[in-house]
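Hi there,

Here is the structure I promised to send over. Have a look at it first, and my notes on what I found follow just below.

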Amino acid sequence: MPAYLLRALFIFVGLLLMRVLFPLLPRVRFAPRLLIHAVTGLAGLLMANELGALFGLGLGLNALTLPISAGLGVPGVALLWALRYLA
């Protein structure tokens, strides 16, 4: 299976899960902000991984990087990059 089809499948499954799980969230004030941070953080992690791979600066997608980037958003991706290459 080509990589772009696999990536499109993952994005589709993720969007489908968001569609199913979002109505189950309690109606609290921080839920939309949390969702926005999660989506931008994961998109930033994917972009950092794709663009960084061109220059040898990619980040791995694993059980540690996904929650950090989802919880902290784009600053979380910057933190992961800093921890990987400056530490």
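Let me start with Phe12, which is exposed, with a relative accessible area of 53%. Please keep in mind that this is a predicted model. Phe12 sits in helix H1, which covers residues 3-21. Phe12 also belongs to a nonpolar surface patch of about 760 Å², which it makes together with Leu6, Leu9, Phe10, Val13, Leu16, Leu17 and Val20.

Next comes helix H3, residues 65-72, where the buried residues are Thr65, Ser69 and Ala70. Looking down the axis of H3, you will find these buried residues within an arc of 120°, so they line one face of the helix.

Just after H3, Gly73 has a positive phi of about 80°. Then there is helix H4, with 13 residues (74-86). From its first C-alpha to its last, H4 reaches 18 Å, close to the 18 Å expected at 1.5 Å a residue.

Which residues of H4 are buried? They are Gly76, Val77 and Leu80. Seen down the axis of H4, they fall within an arc of 105°, so here too the buried residues line one face of the helix. On the face of H4 turned away from that buried side are the exposed residues Pro75 and Leu86.

Enjoy exploring it!

Best wishes

Key
Residues are numbered from 1 along each chain as its sequence is written. This is a predicted model: local features need pLDDT of at least 70, side-chain atom pairs count only at pLDDT 80 or more; totals for chains, interfaces and linings use all residues. Side-chain values use heavy atoms; hydrogens and water are left out. Patches are made of residues with over 30% relative accessible area and no salt bridge: like charges are joined within 9 Å, nonpolar side chains (Val, Leu, Ile, Met, Phe, Trp, Tyr) within 5 Å. Accessible areas come from the Shrake-Rupley method with a 1.4 Å probe; for residues, only the protein chains shown count as cover. A salt bridge is a side-chain nitrogen of Lys or Arg within 4 Å of a carboxyl oxygen of Asp or Glu. Helices (H or I, at least four residues) and strands (E, at least two) are DSSP runs, numbered from the N terminus. Buried means under 20% relative accessible area, exposed over 50%, partly exposed in between (1.4 Å probe, protein chains only). The arc is that of the directions from the helix axis to the C-beta atoms. The expected span of a helix is 1.5 Å times one less than its number of residues.
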